[in-house]
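The report below takes it topic by topic.

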Amino acid sequence: MAWTESYQCDVCNKAKGEDEQDWWLAWTEVMAVPAESEEQPVLKLTPWSHLLSHSVGVKHLCGARCAQTQMDRWMSKTIEE
């Protein structure tokens, strides 16, 4: 029995093809620097990694345009909070 994985862009719902190389992953973290300061939300973006694509909370993005849209959405949400 073969295992088949499929991914869709979290912004535009485009399906990822096996040979597509321009996909990205994004996720958020909280960081405090220096230790006495308030925690700051951070958006991290990295080129596609099969291993990281399985991480909880990671967003799958089909290219630069959807990565920029995800960043814009994150920035708008962060400012509102």
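## The largest pocket

Strand 1 (24–31), strand 2 (40–47) and helix 1 (64–80) each give at least two residues to the lining of the largest pocket. Helices (H or I, at least four residues) and strands (E, at least two) are DSSP runs, numbered from the N terminus. A pocket is an open set of points on a 1 Å grid over the protein atoms alone, where a 1.4 Å probe fits, with protein on both sides within 12 Å along at least five of seven lines; lining residues have an atom within 4 Å of a point.

In total, 16 residues line the largest pocket. Thr28, Gln70, Trp74, Lys77 and Thr78 lie nearest its centre. The lining has seven nonpolar, four polar and five charged residues. Here Ala, Val, Leu, Ile, Met, Phe, Trp, Tyr, Cys and Pro count as nonpolar, Asp, Glu, Lys and Arg as charged, and the others, Gly among them, as polar. The space in this pocket is about 250 Å³.

## How the model is read

This is a predicted model: local features need pLDDT of at least 70, side-chain atom pairs count only at pLDDT 80 or more, and totals for chains, interfaces and linings use all residues. Residues are numbered from 1 along each chain as its sequence is written, and side-chain values use heavy atoms, with hydrogens and water left out.

## The second largest pocket

The second largest pocket has a volume of about 210 Å³. Among the residues lining it are Trp3, Tyr7, Lys16, Trp48 and His50. By class, four are nonpolar, five polar and three charged.

## Aromatic pairs

The whole structure holds two aromatic pairs (ring centres within 6.5 Å, taking the six-membered ring of Trp; planes under 30 degrees apart are stacked, over 60 edge-to-face, the rest tilted). Tyr7 and Trp48 pair edge-to-face, 4.8 Å centre to centre, with 80° between the planes. They are 41 residues apart: Tyr7 sits in the segment before strand 1, Trp48 in the loop between strand 2 and strand 3 (59–61).

Trp23 and Trp48 also pair edge-to-face, at 5.9 Å and 90°. These two are 25 residues apart. Tyr7, Trp23 and Trp48 form one aromatic cluster.

## Core and surface

Trp23 is buried, at 1% relative accessibility. Buried means under 20% relative accessible area, exposed over 50%, partly exposed in between (1.4 Å probe, protein chains only). Trp23 belongs to the largest nonpolar core, which has eight residues, including Cys9, Val11 and Leu61. Such a core joins buried Ala, Val, Leu, Ile, Met, Phe, Trp, Tyr and Cys residues through side-chain atoms within 4.5 Å.

Asn13 is exposed, at 52%. Asn13 has a positive phi of about 70°, although it is not a glycine.

Definitions and conventions. Grid points are joined across faces, edges and corners, and a volume is the space filled by probe spheres set on the points.
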